[in-house]
Amino acid sequence: MPRPRTLSDEQLLDMVLGLVHAEGPDAASFGAVAKISGLSGSTLVQRFGTKAAMLRACLLRAWDRLDMETARLIHSVPETPEGAIDLLTGLSKDYGEDAASYAEGLLVLREDLRDPALRARGAAWGNTLAAALDRCLGAKGKAPLGRLMLSQWQGCLLWWGFEPRGSVEDYVRGELGQFLQTVA
């Protein structure tokens, strides 16, 4: 009879994700995860098989959490241009408090781009966001304004990383406001 799990998969994957965000994806070794979780390396191998599988499971868990937060924000904002800005500003809060933490997050993005399953999750998330933005902007059936705004948002996050003046939320709000004034 197998022993009962002292940590659920979700708890364990959240610990791995914390390690990944703090030290980067390469730091998520069985030894490092064993140290922070109190589980043995062999237990981790039994659960995940390989380090790559553990990292993938961790990042799929992160996508699940992001999808839930995105859905929550989509349902909480009005379907107006200001609601579109509020949606993307709300999602910007997890990009870090400074340029260095934003840069560390780009290491996670690298893993998402390398793995087909993670890349597919990113593409689906982008489609969901673009559709929600189209509804907020009244652009359904017109030019892909939601996708353009989504691209503008990602670009302004990058530029904030180079010149982090003020909070990321304030920067995003200002940049997206200018974008919508320009395309109106």
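These are my notebook entries on a predicted model of one protein chain.

**Ground rules**

I number residues from 1 along the chain as its sequence is written, and side-chain values use heavy atoms, with hydrogens and water left out. Because the model is predicted, I take local features only at pLDDT of at least 70 and side-chain atom pairs only at pLDDT 80 or more, while totals for chains, interfaces and linings use all residues.

**Entry 1: overall fold**

I looked up the secondary structure first. The chain has 9 helices and 0 strands. I take helices (H or I, at least four residues) and strands (E, at least two) as DSSP runs, numbered from the N terminus. I then checked the extent of the chain. Its C-alpha atoms fill a box of roughly 65 × 35 × 25 Å along the principal axes.

Of the 184 residues, 38% are buried. Buried means under 20% relative accessible area, exposed over 50%, and partly exposed in between (1.4 Å probe, protein chains only). Next I looked up contacts, meaning heavy atoms within 4.5 Å. Among those between residues at least 6 apart in sequence, 64% join residues at least 24 apart.

**Entry 2: the largest pocket**

I looked for open space. The largest pocket has a volume of about 1,200 Å³. On a 1 Å grid over the protein atoms alone, a pocket is an open set of points where a 1.4 Å probe fits, with protein on both sides within 12 Å along at least five of seven lines; lining residues have an atom within 4 Å of a point. Grid points are joined across faces, edges and corners, and the volume is the space filled by probe spheres set on them.

I count 31 lining residues, and the closest to the pocket centre are Trp63, Leu66, Tyr95, Asp112 and Trp125. Helices α1 (9–23), α4 (51–76), α6 (99–114), α7 (116–137) and α8 (145–162) each give two or more residues to the lining. The largest share, 9 residues, comes from α6. The lining divides into 16 nonpolar, 8 polar and 7 charged residues. Here Ala, Val, Leu, Ile, Met, Phe, Trp, Tyr, Cys and Pro count as nonpolar, Asp, Glu, Lys and Arg as charged, and the others, Gly among them, as polar.

**Entry 3: aromatic pairs**

I counted 4 aromatic pairs. Rings of Phe, Tyr and Trp (its six-membered ring) pair if their centres lie within 6.5 Å; planes under 30 degrees apart count as stacked, over 60 as edge-to-face and the rest as tilted. Trp125 and Trp153 have ring centres 6.0 Å apart and planes at 55°, so I log the pair as tilted. Trp125 sits in helix α7 and Trp153 in helix α8, 28 residues apart. Both are buried. Ring pairs link Trp63, Trp125 and Trp153 into a cluster.

**Entry 4: the core**

The largest nonpolar core has 50 residues. Such a core is a set of buried Ala, Val, Leu, Ile, Met, Phe, Trp, Tyr and Cys residues joined through side-chain atoms within 4.5 Å. Leu87 and Trp153 are among the residues with the most contacts inside it. Helix α7 gives the largest share, 8 residues.

I then checked Thr70, in helix α4. Thr70 is at 2% relative accessibility, so it counts as buried. Beyond four places in sequence, Thr70 touches Leu87, Leu91, Trp125 and Leu129.

**Entry 5: Arg135**

Last, I looked up Arg135, in helix α7. At 38% relative accessibility, Arg135 counts as partly exposed. Leaving aside neighbours within four places, Arg135 contacts Ile74 and Glu79.
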